[in-house]
Amino acid sequence: MRYGQQTAIRTIKTSSSSAACGSNFEINKEYIISGVNTQGVWETNLCAWNTETSLLTQYQRRALDLDIYKNSCTCKILDCTFGVRNCQAVRGNECVIRSNFNCFHDINSCGRVNSNCMWTSPACDLL
């Protein structure tokens, strides 16, 4: 489904509290919700990208309209901004965030180019 299209109401499962990684949504607000569909059951959690449509950046709106995110589902994003992971060994199916998390989140996307995943813009590396 494209951003901005009228869609059917869907039931989406999430844990009942944020302590259990559950997402909270307000009634009568429109959201972009990401997650998984397992055997017809939609699920999301606190770690997924769930945001009000009114808070989307211009880049995010464009990326949703052009299916940039949808076409990048085989890529994995590693958040290394907290130094928790060993981010030295990057495989071809990964994009790494080493700094400027908000920049990568707001104005960039990870996409597949040939057989590797890479950021669509070097803009965040320059900040």
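Contact here means heavy atoms within 4.5 Å. Keep that cut-off at hand for the exercises below. The model is predicted, so local features need pLDDT of at least 70 and side-chain atom pairs count only at pLDDT 80 or more, while totals for chains, interfaces and linings use all residues. Residues are numbered from 1 along each chain as its sequence is written, and side-chain values use heavy atoms, with hydrogens and water left out.

**Exercise 1. Find which residues Cys-110 touches, not counting residues up to four places away in sequence.**

Step 1. Set aside the residues up to four places away in sequence, then look for contacts of Cys-110.

Step 2. What remains is Ser-72, Cys-75, Ile-77, Cys-95, Cys-117, Met-118 and Trp-119.

Step 3. Place Cys-110 in the fold: it lies in strand E8 (residues 110-113). Strands (E, at least two residues) and helices (H or I, at least four residues) are DSSP runs, numbered from the N terminus.

**Exercise 2. Find the disulfides and say which parts of the chain each one links.**

Step 1. Search the whole structure for pairs of cysteine sulfur atoms within 2.5 Å, which is the rule for a disulfide. The search gives three.

Step 2. Take Cys-75 and Cys-117, whose sulfurs are 2.1 Å apart. The angle about this S-S bond is -85 degrees, a left-handed link. Cys-75 sits in the loop between H1 and strand E6 (76-79), and Cys-117 in strand E9, so the link spans distant parts of the chain, 42 residues apart. Both cysteines are buried, a word that stands for under 20% relative accessible area, with exposed over 50% and partly exposed in between (1.4 Å probe, protein chains only).

Step 3. Take Cys-95 and Cys-110, again a disulfide with sulfur atoms 2.1 Å apart. Here the angle about the S-S bond is 75 degrees, and the link is right-handed. Because Cys-95 lies in strand E7 and Cys-110 in strand E8, the pair ties together parts that are 15 residues apart in sequence. Cys-95 and Cys-110 are both buried.

Step 4. Take Cys-103 and Cys-124, joined with an S to S distance of 2.1 Å. This link is left-handed, at -85 degrees about the S-S bond. Cys-103 lies in helix H2 and Cys-124 in the segment after E9, so parts 21 residues apart in sequence are tied together. Cys-103 is buried at 11% relative accessible area, and Cys-124 is buried at 0%.

**Exercise 3. Which residues make up the largest nonpolar core, and which elements give two or more of them?**

Step 1. Apply the rule: a nonpolar core is a set of buried Ala, Val, Leu, Ile, Met, Phe, Trp, Tyr and Cys residues joined through side-chain atoms within 4.5 Å.

Step 2. The largest such core has nine residues: Cys-75, Cys-95, Ile-97, Cys-103, Phe-104, Cys-110, Cys-117, Trp-119 and Cys-124.

Step 3. Strand E7 (94-97), helix H2 (101-107) and strand E9 (116-119) each give two or more residues to this core.

**Exercise 4. Trace the salt bridges that involve Lys-29.**

Step 1. Recall that side chains of opposite charge can pair when their charged atoms come close. The rule used is a side-chain nitrogen of Lys or Arg within 4 Å of a carboxyl oxygen of Asp or Glu. By this rule the count is two.

Step 2. Lys-29 meets Glu-26 at 3.3 Å, N to O. Glu-26 is partly exposed at 48% relative accessibility, and Lys-29 is partly exposed at 38%.

Step 3. Lys-29 also meets Glu-52, at 3.7 Å, N to O. Lys-29 lies in the loop between E1 and strand E2 (31-33) and Glu-52 in strand E5 (residues 50-52), so the pair ties together parts 23 residues apart in sequence.

Step 4. Shared partners join Glu-26, Lys-29 and Glu-52 into one network.

**Exercise 5. Is Gln-60 buried or exposed, and what does Gln-60 contact?**

Step 1. Locate Gln-60 in helix H1 (residues 58-65).

Step 2. Its relative accessibility is 2%, so Gln-60 counts as buried.

Step 3. Leaving aside neighbours within four places in sequence, Gln-60 is in contact with Trp-49, Leu-55, Tyr-69, His-105 and Asp-106.
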